[in-house]
Amino acid sequence: MEGLKAILRQDGPIPLDTILECAPGELLALVGPSGSGKSTILRSIAGLYSPQEAEVTVNGKVWTSTAAGITVPAWRRPVGMVFQSYGLFPHLTAAGNVEAAMSHLEPTKRGRRAVELLALVNLKGLEHRKPAELSGGQQQRVAVARALARDPKVLLLDEPFSAVDKVTRGRLYRELACMRRQLDMPIVMVTHDLDEAIMLADRMCLVQRGKILQAGRPDEIMRRPASVEAARLVGQRNIFPGRIEAHAGDPARTIIDWRGRRLETPHLPQWPIGTDVSWLIPPGKAVLHRRGRASRGDAENPVTGTIENQIALGDIVIATVRLDGEETRLLTVHLPRHAAERNRLASGEHIGLSLIAEAIHVMPAPLLTDRRQ
Amino acid sequence: MDWAAFWLSMRLGVLTVAILLPIGVWLGRLLAYREFRGKEIVEGLVALPLVLPPTVFGYYLLVSFGATSPVGQLWQNVFGHQLAFTFEGLLVASIIFNLPFAIQPMQRAFEAIPDDVREAAQCCGLSPWQALLRVELPLAWPGILTALVLCFAHTLGEFGIVLMVGGSIPGETKTIAIAIYDRVQAFDDASAAKMSALLLAVSLIAITATFYFSRRIGRRLG
């Protein structure tokens with residue numbers, strides 16, 4: 001089998017229950033909160049960590065198999081690893097750092113290859129600088145060049161952008177996206193930043209407590225999280241309970257009962273009538289009703305409520321709305337700033353909103369044990 | 001001026017340092033990177049010479065070197081002469097009482113290398129030996145150098161243990177520190193003063209050199 005396959009399991013001290021695959025040339029992002037075990041997954045692939053049960057194969061070669069008693073030591077695994085704080089050798093120059101990862105090449109070839117790799121990461125002319133004489137972004141590039149110097153069969157990136165400022169980060173994103181086209185090995189990147197994963201990754205795994213909650217295309221996971229847990233991890237806040245009431249109409253629609261309110265969604269025949277579900281509406285998919293001037297769109301899933309508070313962030317206004325008849329549940333909506341200003345929105349104002357039917361996403365109701373969240 | 005005693009001290013110092021270098025690197029690295037049961041006991045044993053009075057320490061060494069002890073008998077059987085009151089005995093004692101001066105700075109120096117630097121060495125395909133020689137030792141070098149100079153200076157100056165274990169046999173176990181005491185006892189103040197000044201100079205140069213080199217290496221590492 002081509003590419004990387006890893007099966008990792010253990011109960012503690014860091015719980016793991018993970019199966020992941022990454023094809024050659026694919027960039028897989030492991031996304032999760034800190035402490036979710038995503039770095040441990042990466043370190044297990046590299047051989048820097050040994051879980052109780054593990055099977056790691058790369059291009060059909062076994063790197064770890066606890067069942068077969070095989071553990072290839074980290075230094076014999078052709079991996080390229082970029083560490084969060086880079087782990088550069090402070091006593092060696094940029095070129096020296098890159099050459100240190102070339103024990104597989106003849107000594108006479110190393111110098112030229114190091115120059116090539118440093119040029120690839122846009123560090124031409126800085127070959128003789130020590131890490132301390134380089135900026136954060138330049139250090140990261142040395143780390144990437146050094147990771148590639150081994151001609152790795154797998155490239156592992158552990159939060160590679162977390163230690164640089166935002167402008168540099170943007171530039172490094174572009175460089176990685178560009179360089180990727182020349183790389184044909186599986187690339188696994190750990191990040192806690194969803195936007196980073198969406199921008200760079202072909203596929204993403206949501207990791208929580210060592211488990212992969214969902215794997216798929218980043219935009220797909222963002223739009224359609226498979227569970228309430230996954231929805232929370234991708235930052236969705238408007239998650240509510242409901243029950244499938246009917247599949248009706250022409251064209252067919254699905255009706256959800258939300259504590260006495262009727263919500264229309266696109267036809268979802270996979271949910272039988274009477275099923276308890278959770279559903280979410282992204283904060284940007286609630287449309288403000290214009291005051292004193294009803295429009296036809298207002299009939300789409302109308303709700304009313306009082307603004308608890310609102311805050312302007314650039315072009316949008318984030319408003320928290322207490323829905324009429326609800327004690328605790330709040331709806332967070334992102335409204336265009338001009339709309340908020342035209343309607344003179346303020347805390348305490350009573351407003352009407354439409355929840356866009358197409359944007360409502362239905363998920364299984366959480367298990368009873370998860371309800372406390 | 002007792003040159004024989006001076007050179008004996010130098011020989012003792014150089015040999016002590018030469019033998020403690022690999023021991024210190026091995027044990028210091030082990031204590032820095034590994035967690036194991038009884039680690040505190042090992043660290044305690046290593047530090048013991050710092051707190052034990054030299055005479056107590058010397059007494060126990062003397063007892064364990066004696067012809068009736070297992071160590072003393074083993075030595076006798078292998079080398080055909082006893083360990084106490086010989087240069088070899090003095091060297092063994094010197095190595096043991098210098099353990100904390102060798103191991104603690106080396107342990108700190110290895111501990112100061114960030115984990116990800118050592119892990120990066122593995123991910124770069126460096127074998128444990130290559131990683132030691134090309135990454136760890138160059139980075140830990142200032143600490144190792146400090147340790148060696150401390151051991152050397154300490155060996156020149158040690159008195160109590162040397163007297164207990166070695167006696168004061170000229171050319172065999174009479175070190176410069178003992179020779180100074182000897183000269184003072186004999187009211188030979190001129191010789192004592194010369195030898196003291198020499199010891200002071202050697203110690204001062206050694207210590208100053210360590211500071212100088214560790215700062216230069218520190219600057220080189222950035």
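The points below are grouped by topic.

This is a predicted model, in which local features need pLDDT of at least 70, side-chain atom pairs count only at pLDDT 80 or more, and totals for chains, interfaces and linings use all residues. Residues are numbered from 1 along each chain as its sequence is written, while chains are lettered from A and ligands numbered from 1 in the order in which they are written.

**Contact of chains A and B**
- Chain A supplies 21 residues and chain B 18 residues to the contact (C-beta atoms, placed from the backbone, within 7 Å).
- On the chain B side, helix 7 (115-123), helix 8 (128-157) and helix 11 (189-221) each give two or more residues (helices, H or I, of at least four residues, and strands, E, of at least two, are DSSP runs numbered from the N terminus).
- Helix 7 of chain B gives the most to this side, six residues.

**Helix 3 of chain A**
- Helix 3 (residues 107-120) of chain A has 14 residues and spans 21 Å from first to last C-alpha, close to the expected 20 Å (1.5 Å times one less than the number of residues).
- R110(A), A114(A), L117(A) and L118(A) of this helix are buried (20 or more other C-beta atoms within 10 Å of the residue's own, C-beta atoms being placed from the backbone).
- The cover over these buried residues includes helix 2 (94-99) and helix 4 (136-149) of chain A.
- After helix 3 of chain A comes N122(A), with a positive phi near 65°.

**Sheet in chain A**
- Five strands form an open antiparallel sheet in the order 14-13-12-15-21 (chain A) (strands pair if DSSP finds at least two bridges between them).
- Strand 14 (261-266) and strand 21 (361-364) of chain A each have a single partner strand, so one side of each lacks a neighbour in the sheet.
- Strand 12 (residues 239-248) and strand 15 (residues 276-280) of chain A run antiparallel and are joined by five bridges.
- F240(A) has W279(A), in strand 15 of chain A, as its bridge partner.

Conventions: Contact = placed C-beta atoms within 7 Å. Buried ≥ 20, exposed ≤ 12 C-beta atoms within 10 Å, placed from the backbone.
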